[in-house]
Every structure is written in C-alpha cells, then in structure tokens.
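The following note sets out points for a colleague who is reading the model alongside its sequence. The points move from individual sites to the overall fold.

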Amino acid sequence: MNRKVKLLQIIIVIAIAFLGGYFFGITKVNLDWHNYKPILNTVNKEPPSGLINIDFNPFWTVWQKLEEGYYDKSKLDQQKMLNGAISGMVGALGDPFTMYLPPVANTDFKQNLAGQFSGIGAELSTKGSDIIVIAPLDGSPAEKAGMKSGDIIIKVNGQSTAGWDLEKLLL
C-alpha cells in the first residue's frame, strides 16, 4: 500500500509540472529578465549649477589633515564629521528657525511630534540668549494664558530663565 501512495504522489507531481508548463506555454508568460530595469534612487554627486565657483579644497584639506594627524583616531567618525559639517553650513545662515537634523535625530524628532504633548503647549526657540514663543498650540494652556508668537519667556515658576537653553526649559 505504501508503494502505491508514493507512486501516486510522483504521478501527481509530474502532472502538476506538466500542467504548469502547458499553462505557461500557451499564455506566453515571459520570464525574461534581460529587459528589466530596476528603479534606482540615485543621488546626483555633481554640485548644483549655482555652486560651480565654490572651492571645496579647504574643506577636503582639513578633512584629510584630521584623518592623518588627529591624535585620537577613535574619535574620527566620518558620518558624524559629515553631519557636523552640514549642521555648520546650516548654522552659518544665522536663522534660528532653520536647522539640520541628522537622520537618527530627524527620525526621533518626527516620532516625538507624533506623540503626545505636555507642558504649556507652545513651540519654543531661542533668539540670542532669550527663549521665545514661536506659536502656542491651539487649545493649549499657553494659548489660554494669552501667549503670542514672539513673546519672550523671562521666568518659569518665579525663577529667571537667564542663561537657560531649551533643554533646561524642557526638563
């Protein structure tokens, strides 16, 4: 009996293979990958047209000198160096509302925005040494207290905010 079952299984497998081959043959299914062109997201490594006259030699010279002569090679993280260079470039604009977040920080920032807000309910920034209100959130305690965009926060719970940064204010 066991032999008959194995023979039946073999016949079924052969029949399925035959029917599959017949189906693909008559429907002219083309399994040819020669013309397949994957979609690739490529980054243009050429500078934008307006930057042709920028000389990057000082940048690469400093980069090379750091890699050759920096005393603690373990501190040389190329990705951190690149992110720092980009942050410096954006920071050179002097605009407190424009900043660069490296990929990990950007992801964390987006996840935090998707979460729940707590505190007074206002978007804050710094201008010089002042902590300013960018905008109170709708229906928040900040809006109910009459805070407006551009207001400067000078005290929190009776304590002066002089010398504070946003990180201390959020604690």
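**Note on the predicted model**

1. Phe 56 sits in the loop that runs between helix 1 (2-26) and helix 2 (57-69). The model is a predicted one, and in it Phe 56 counts as partly exposed because its relative accessibility is 43%, which lies between the 20% limit for buried and the 50% limit for exposed. Phe 56 also belongs to a nonpolar surface patch, together with Leu 51, Ile 54, Phe 59 and Trp 60. The accessible area of these residues together is about 480 Å². In soluble globular proteins, nonpolar side chains tend to be buried together.

2. Helix 1 consists of 25 residues, and the distance from its first C-alpha to its last is 36 Å. This span is close to the 36 Å expected at 1.5 Å a residue. How many of the 25 residues of helix 1 are buried? The count is zero, and helix 1 is accordingly described as hardly covered.

3. The protein as a whole comprises six helices and five strands. Along the sequence, the order of these elements is α-α-α-α-β-β-α-β-β-β-α. Of the 171 residues in the protein, 11% are buried. The exposed surface comes to about 15000 Å², and 60% of it is supplied by carbon and sulfur atoms.

4. Which residues make up the largest nonpolar core? This core has seven residues, namely Ala 122, Leu 124, Ile 131, Val 133, Ala 142, Ile 153 and Trp 164. Two elements, strand 1 (122-127) and strand 2 (130-136), each give two or more residues to this core. Ile 153, a member of the core, is in contact with Leu 124, Ile 131, Val 133, Met 147 and Thr 161, when neighbours within four places in sequence are left aside.

5. Ser 140 is located in the loop between strand 2 and helix 5 (141-144). Is Ser 140 buried or exposed? Ser 140 is buried, because its relative accessible area of 7% is under the 20% limit. Beyond residues up to four places away in sequence, Ser 140 touches Ile 120 and Gly 121.

6. Asn 83 is part of helix 3 (residues 78-91). With a relative accessible area of 11%, Asn 83 falls under the 20% limit and is therefore buried. Its contacts, not counting residues up to four places away in sequence, are with Tyr 100, Pro 102 and Pro 103.

7. Pro 96 occupies the loop between helix 3 and helix 4 (103-114). Its relative accessibility is 38%, so Pro 96 counts as partly exposed. Where sequence neighbours up to four places away are not counted, Pro 96 touches Ser 125 and Thr 126. Pro 96 and Gly 128 are separated by 32 residues in sequence, and their C-alpha atoms are 9.0 Å apart in space.

8. Lys 73 lies in the loop between helix 2 and helix 3. Lys 73 is partly exposed, as its relative accessible area is 42%. With neighbours within four places in sequence left aside, Lys 73 is in contact with Leu 66, Glu 67 and Glu 68.

9. Asn 157 is placed in the loop between strand 4 (155-156) and strand 5 (159-160), and its phi is near 50°, a positive value in a residue other than glycine. The relative accessibility of Asn 157 is 83%, so this residue counts as exposed. Ser 160 lies in strand 5 and is partly exposed, with a relative accessible area of 41%. Ser 160 touches Ile 154 and Lys 155, not counting residues up to four places away in sequence.

Terms used: Residues are numbered from 1 along each chain as its sequence is written. This is a predicted model: local features need pLDDT of at least 70, side-chain atom pairs count only at pLDDT 80 or more; totals for chains, interfaces and linings use all residues. Side-chain values use heavy atoms; hydrogens and water are left out. Patches are made of residues with over 30% relative accessible area and no salt bridge: like charges are joined within 9 Å, nonpolar side chains (Val, Leu, Ile, Met, Phe, Trp, Tyr) within 5 Å. Accessible areas come from the Shrake-Rupley method with a 1.4 Å probe; for residues, only the protein chains shown count as cover. A salt bridge is a side-chain nitrogen of Lys or Arg within 4 Å of a carboxyl oxygen of Asp or Glu. Helices (H or I, at least four residues) and strands (E, at least two) are DSSP runs, numbered from the N terminus. Buried means under 20% relative accessible area, exposed over 50%, partly exposed in between (1.4 Å probe, protein chains only). A nonpolar core is a set of buried Ala, Val, Leu, Ile, Met, Phe, Trp, Tyr and Cys residues joined through side-chain atoms within 4.5 Å. Contact means heavy atoms within 4.5 Å. The expected span of a helix is 1.5 Å times one less than its number of residues.
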